[in-house]
Amino acid sequence: MVSSGCALMVLMVTQVFFGDSRALVPRVGRSSLSPDVLHAFELRLLNMFGLKHRPVPSRSAVVPQYMQDLYSMHSANSEQSTGSRAKVSAGKTAERSASRANTIRSFHHDESAEDLSRSSGKTTQRFLFNVSSVPSQEFVTSAELRIFREQVMTSPANGGTGHHRINILEIIEPPGTFKEPITRLLDTRLVQDSLSKWESFDVSPAVLRWTADGHPNRGLAVEVVHPDGAEENSKRHVRVSRSLHDREDTWPQIRPLLVTYSHDGKGNVLHSREKRLVRTNKQKKKHKANCRRHSLYVDFSDVGWNDWIVAPPGYQAFYCQGECPFPLADHLNSTNHAIVQTLVNSVNNNIPRACCVPTDLSPVSLLYLDEYERVILKNYQDMVVEGCGCR
């Protein structure tokens, strides 16, 4: 009975941790769980997410499609086939960036601080991305600026060459009176007018200076250089500003996006999505009461968290429950200490039996909005029970 008691306690803690107390907490434990205790459990889980408060996103909060595609590609618990990789616009670039990260964050720029200017043959847009929400314990391994450009058909007869150049610069010193800004070139690309696609630019050096080195963040500048001074095509082509976009309803998904890849020093990176083999108990029918894995589905809508946890809607966490009888059989995955403890229990009831506990755990990737409505994809360790044993 002691073993069952251990498992019941683990189950109750897990259920209180993840679920609505009315639906998930065993009836025997409900009266002893005060609202303060339930609140404390919620705060502890939010702390695991790195959140101080429960996010309450507004109706205008936007989840970029790119982040949803990254979730499908990198989710360790995704049920989708690897064919979903093709949906991600950046493809191998995104996969390579995630190979050293367990967290991906997305940022939209502060539109009130943007500065759009035009000169002969060139359009320049200055952005300010506030990356101060990246925790100090996280190391940014890479960062990309994503800009969307739409197809524009041009011909030499109309003064177009079919190409233009996009330069990405870090602003070292802002412009002053009669003084041009001091900038550093980060990335550049010659692109075709006749294609509609997202362009990804490497801005890692700038973001690393802001986050790791403590340098002031004065923003980025995007220069669109028009050949032969053909500026009008760019106005309809490169979506760097709301004022250059002709459809307000599509702007939230088309606007520029800064994506950071980082690692907090805990657990596996995001690119790992190998399927874990479900361990089955070969003697399951013969020993139904023995220690084994049981189903436990965590549904985020049960606690009203589905408004800020974008994906998955829930997941199979599983739990361990069952007896650890004497003598412990090989299939119970026991340690030497558990075998000795159970042996002593057989002659001395004052010593408890070993408990049925998780012996193998796997991660879950979650896509969610934080308190600032910024979208985060993170790999959380030890979230799914893969195997049980007596310990």
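1. The structure is a predicted model, in which local features need pLDDT of at least 70, side-chain atom pairs count only at pLDDT 80 or more, and totals for chains, interfaces and linings use all residues. Residues are numbered from 1 along each chain as its sequence is written, and side-chain values use heavy atoms, with hydrogens and water left out.

2. The protein chain contains 10 helices and 17 strands (DSSP runs numbered from the N terminus: helices are H or I with at least four residues, strands are E with at least two). Of its 391 residues, 47% are buried (under 20% relative accessible area, with a 1.4 Å probe and protein chains only).

3. The accessible surface of the protein chain is about 20100 Å², and carbon and sulfur atoms account for 51% of that surface (Shrake-Rupley method, 1.4 Å probe). Where contacts (heavy atoms within 4.5 Å) join residues at least 6 apart in sequence, 73% of them join residues at least 24 apart.

4. Helix H7 (residues 204-211) has Ser204, Ala206, Val207, Arg209 and Trp210 as its buried residues. The elements covering them include strands E4 (139-149), E5 (163-173), E6 (182-192), E7 (197-202), E8 (220-225) and E10 (257-263).

5. In helix H10 (residues 336-345), the buried residues are Ala338, Gln341, Thr342 and Asn345. They lie on the same side of H10 because they cover an arc of only 95 degrees around the axis (taken from the directions from the helix axis to the C-beta atoms). Strand E17 (375-390) is included in what covers them.

6. The whole structure holds 3 disulfides (pairs of cysteine sulfur atoms within 2.5 Å). In one of them, the sulfur atoms of Cys291 and Cys356 are 2.1 Å apart. This pair links distant parts of the chain, 65 residues apart: Cys291 is in the loop between E10 and strand E11 (292-294), and Cys356 is in strand E16 (residues 356-369). The torsion about the S-S bond is about 75 degrees, so this disulfide is right-handed. Both cysteines are buried.

7. Cys320 and Cys388 form a disulfide with sulfur atoms 2.0 Å apart. The S-S torsion of about -85 degrees makes it left-handed. Cys320 is in strand E15 (residues 319-321) and Cys388 in strand E17, 68 residues apart. Cys320 counts as buried at 2% relative accessibility, and Cys388 at 14%.

8. Cys324 and Cys390 form a disulfide with sulfur atoms 2.1 Å apart. Its S-S torsion is about -95 degrees, so it is left-handed. Cys324 is in the loop between E15 and H10, and Cys390 is in strand E17.

Methods: Buried < 20%, exposed > 50% of the residue type's maximum accessible area, 1.4 Å probe, protein only.
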